[in-house]
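Here are some exercises to work through with the model open beside you. Try each task before reading its solution.

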Amino acid sequence: MYYEMGFKGLMRNRKTVYTLVALVALGGVSVVQNRRLADHRRQRLPEAGTAYSAKMPPALAFVMAGLGGFRGIVSEILWFRVERLQEEGRFLELVQLADWITLLDPHASEGWTYNAWNLSYNISVMMSRHEDRWRWVQNGISLLRDEGLRFNPHDAKLYRELAWLFQHKIGDSLDNAHFLYKVRLLEAIAPCLHPDGTLDTAAAETAVRLAALRMDADRMLDVEKRFGPVDWRMPETHALYWADQGVAYAQGTELMMSRRAVYQPLMLGVFRGRFTGSLEERKWDESPNLALALPTADYMLAALHENPTRNQTAITLRFLAVTVRLLAQAGQGDAAQQLYQRLPEIVPATHPAPTYEDVLNGWIP
C-alpha cells in the first residue's frame with residue numbers, strides 16, 4: 001500500500017538547518033560506505049579460538065565445534081557466495097546464507113553490520129512494493145537488534161549502526177518508501193505513548209509492544225529525564241535510544257563516533273522532532289521540539305570538550321546560532337538567552353564573539 005503524506009511545519013530557514021545536519025552526517029556516511037568484502041575477509045576472519053557460551057544455541061555450538069579451524073575457510077567461501085547471490089537477485093537464499101556467516105563467528109561485529117546494511121539498503125530498494133521494502137528494512141534492523149546485540153551486548157559499533165538505520169533509512173527521505181517506514185514504526189509504538197509522544201508506562205499494551213521492539217521502559221524514561229520530552233513516534237528518537245546505549249561501551253575513536261550518533265538525532269529532534277500529523281488519516285507532519293534545545297546544546301558542548309576540532313566547533317556554533325533564533329521566534333526569549341550564553345565561550349579567539357542581537361539578525365559562524 002502506498003501512502004501520500006506531506007511535510008509541514010518545518011521552520012522557514014530550512015536551507016540553513018539542512019546544511020547543518022548535512023555537515024554532521026558526513027561522519028556517519030563515511031562510516032557506512034565502502035564496505036568491501038575484501039576488507040571484511042582480511043580483517044574479520046573467524047578464529048578457531050572463539051570461546052563457547054552456556055547461552056549459545058545448540059545449532060551454533062554444533063557449527064563452531066564441528067568446523068573448528070576450518071571456519072575461516074568456510075566463511076571465505078560463503079562471502080563469495082553472498083556477492084554472487086546478490087548479483088543474481090536470489091534474496092531468500094542470501095538471507096539464509098547471511099545467517100550462516102554470522103553463526104561462524106557471532107562475535108565479529110563486521111559480519112552483522114555488513115549483512116544488516118545489505119538487507120536494509122541494497123536489497124530493499126530492489127523491491128517494487130513499499131510493503132516488501134519495509135520487510136527487508138525490518139530484517140536488517142532485527143538482525144542487529146535481536147541477534148547481533150544478543151551475542152555482542154557491549155559492542156558500541158553495533159549500537160551505532162542500529163541507530164543509523166533508524167535515523168537515516170527510516171527518518172530520512174532518500175528512499176521513496178520512507179513514509180511507509182515511518183508509519184509502520186509509529187503504528188508499532190503508538191499504543192505505548194501519551195498524546196505528546198512520551199512514554200505511558202500505564203498503557204495496557206506497553207509491556208508487549210516494547211518487548212517486541214526490544215526496548216526497555218526504564219531506559220526510555222531515563223532518556224526523557226536526561227534530554228527532555230522526546231517524541232517516541234519519531235524515528236530519530238529511536239536512533240537516540242540505541243546510540244545512547246553504545247556510548248557506555250565505546251573507547252577511543254569509537255567514543256567520538258558514538259557521541260556523534262547521539263547528538264545527530266538530538267539536533268534533528270530540536271529542528272523537527274515532534275509528530276503533529278494523524279495516524280488515522282495517514283498524514284505525516286512534523287514540527288520543532290524546542291524543549292530539547294538546552295539539553296542538546298549541553299551534550300554537544302561536552303562532546304566538543306572531548307574532541308575540540310575545528311569541524312566540531314563549527315557544527316556546535318551553528319547549532320547554537322540557529323536554535324537561539326528558533327527559540328526567540330517561538331517567543332521563548334529566556335531560553336534563547338540561556339542558549340546564547342553558551343556561544344561566546346567556544347567562538348575561536350581569532351574571531352569576535354557575536355552579540356545576542358547579532359545572532360538574532362542572522363549571524364552564522
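Buried means under 20% relative accessible area, exposed over 50%, and partly exposed in between, with a 1.4 Å probe and protein chains only. Helices (H or I, at least four residues) and strands (E, at least two) are DSSP runs, numbered from the N terminus. This is a predicted model, in which local features need pLDDT of at least 70, side-chain atom pairs count only at pLDDT 80 or more, and totals for chains, interfaces and linings use all residues. Residues are numbered from 1 along each chain as its sequence is written, and side-chain values use heavy atoms, with hydrogens and water left out.

**Exercise 1. Find the buried residues of helix α11 (residues 217-227), and work out how they are placed around the axis.**

Step 1. In α11, the buried residues are M220, V223, E224 and F227.

Step 2. Take the directions from the helix axis to the C-beta atoms, which define the arc. The four cover an arc of only 95°, so they sit on the same side of α11.

Step 3. Now turn to the face pointing away from that buried side: the exposed residues D218 and K225 are carried there.

Step 4. Look for the packing partners, where contact means heavy atoms within 4.5 Å. The buried residues of α11 pack against α9 (178-189), α10 (206-212), α12, α13 (253-272) and α14 (293-306).

Step 5. Check both ends. At the start of α11, the backbone nitrogen of D218 has a side-chain oxygen of D216 within 3.2 Å. Just after the helix, G228 takes a positive phi of about 110°.

**Exercise 2. Locate the largest nonpolar core and follow the contacts of W232.**

Step 1. A nonpolar core is a set of buried Ala, Val, Leu, Ile, Met, Phe, Trp, Tyr and Cys residues joined through side-chain atoms within 4.5 Å. The largest one here has 90 residues, and M215, W232 and W242 have the most contacts inside it.

Step 2. Ask which helix gives the largest share: helix α15 (residues 310-329), with nine residues.

Step 3. Set aside the neighbours of W232 within four places in sequence. Its contacts then include I189, L193, M215, M220, V223, E224 and Y241.

Step 4. Another core, of five residues, lies apart from the largest one; F179, L186, M234 and F275 are among its members.

**Exercise 3. Is E236 buried or exposed, and which residues is it in contact with?**

Step 1. Beyond its neighbours within four places in sequence, E236 is in contact with G171, P265, L268 and R272.

**Exercise 4. Which residues other than glycine, R214 and R282, take a positive phi, and where do they lie?**

Step 1. Most residues other than glycine have a negative phi, and most peptide bonds are trans.

Step 2. R214 has a phi near 60°. R214 lies in the loop between α10 and α11 and is partly exposed, with a relative accessible area of 44%.

Step 3. R282 has a positive phi of about 55°. The loop between β1 (274-275) and β2 (286-287) holds R282, which is partly exposed at 27% relative accessible area.

Technical notes: A polar contact is a pair of N or O atoms within 3.5 Å; within protein, one must be able to donate a hydrogen and the other to accept it, and residues adjacent in sequence count only if both atoms are side-chain atoms.
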